[in-house]
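Work through the exercises below with the structure at hand. Try each task before you read its solution.

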Amino acid sequence: MRHTGGCHCGKVRFEVELNIKKAISCNCSICMKRGSLLDFVPEANFKLLSGESDLKDYMFNKKVIHHFFCTNCGILSFGNGVTPDGTKMVAINLRCLDGVDLSKIKIQEYNGRSI
Ligand SMILES: [Zn+2]
């Protein structure tokens, strides 16, 4: 299923091919503070439509995940990372998708703090 989404101010917009079955709630240091609910897609399923020049890349710790946020409104709507086998993935912040009722989606806790 094709979804659209983006940041709060509207500069960053994307579309993504994603069948939402679950939302991952991660307890790592940044996801805790951000309150994001995530799902992951291969890079090919993601297309940035606008806002490339408005994104800032924030990295920390092992610096393997790119936490892209909008420099205008501060919202992180997606991030980029690589799986252990080298597949490029995009983490979608499901809270930033248009018209998705997250109350109907199963939340899966992820112990990101332990890694
Ligand atoms: Zn924005």
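The model is predicted.

**Exercise 1. The zinc site**

Find the residues that coordinate the zinc ion, and name the geometry of the site.

*Solution.* 
- Step 1: Look for the donor atoms. They are the SG atoms of C7, C9, C70 and C73, at 2.3 to 2.4 Å.
- Step 2: Check the angles. Four donors count as tetrahedral if all angles lie between 85 and 135 degrees. Here the angles among the four donor atoms run from 104 to 118°, so the site of the zinc ion is tetrahedral.
- Step 3: Compare with the ideal. Four tetrahedral donors have ideal angles of 109.5 degrees.
- Step 4: Read the spacing in sequence. The donor residues follow the pattern C-x1-C-x60-C-x2-C. C7 sits in the loop between strand 1 (2–6) and strand 2, while C70 belongs to strand 7. These two are 63 residues apart, and the pair links distant parts of the chain.
- Step 5: Decide whether C7 and C70 are buried or exposed. Buried means under 20% relative accessible area. C7 has 9%, so C7 is buried. C70 has 1%, so C70 is buried too.

**Exercise 2. Aromatic rings**

Classify the ring pairs F14–F46 and F68–F78.

*Solution.* 
- Step 1: Count the pairs. The whole structure holds five aromatic pairs.
- Step 2: Take F14 and F46. Their ring centres are 5.2 Å apart and their planes meet at 35°, so this pair is tilted. F14 lies in strand 2 (residues 13–17) and F46 in strand 5 (residues 46–50), 32 residues apart.
- Step 3: Check burial. F14 has a relative accessible area of 0% and is buried. F46, at 14%, counts as buried.
- Step 4: Take F68 and F78. This aromatic pair is tilted, with 5.7 Å centre to centre and 40° between the planes. F68 is in strand 7 (residues 66–70) and F78 in strand 8, so the pair ties together parts 10 residues apart in sequence. F68 and F78 are buried.
- Step 5: F14, F46, F68 and F78 make up one aromatic cluster.

**Exercise 3. The largest pocket**

Describe the lining of the largest pocket.

*Solution.* 
- Step 1: Note the volume, about 900 Å³.
- Step 2: Count the lining. There are 32 residues, with F40, V64, I65, Y110 and I115 nearest the centre.
- Step 3: Sort by class. The lining has 19 nonpolar, nine polar and four charged residues.
- Step 4: Find the main supplier. Strand 8 gives the most, five residues. Elements that each supply at least two include helix 1 (29–34) and strand 4 (38–42).

How values were computed
Residues numbered from 1 in each chain as written. Predicted model: local features only at pLDDT ≥ 70, side-chain atom pairs only at ≥ 80, totals over all residues. Heavy atoms only, no water. 1 Å grid on protein atoms, 1.4 Å probe; cavity = no way out; pocket = protein on both sides within 12 Å on 5 of 7 lines; lining within 4 Å. Points joined across faces, edges and corners; volume = space filled by probe spheres on them. Helix = DSSP H or I, 4+ residues; strand = E, 2+ residues; numbered from the N terminus. Nonpolar A, V, L, I, M, F, W, Y, C, P; charged D, E, K, R; others polar. Phe/Tyr/Trp six-rings, centres within 6.5 Å; stacked < 30°, edge-to-face > 60°. Buried < 20%, exposed > 50% of the residue type's maximum accessible area, 1.4 Å probe, protein only. Donors = N, O, S within 2.8 Å, 3.2 Å for Na, K, Ca; no water. Tetrahedral: all angles 85-135°; square planar, octahedral: opposite > 155°, others 65-115°.
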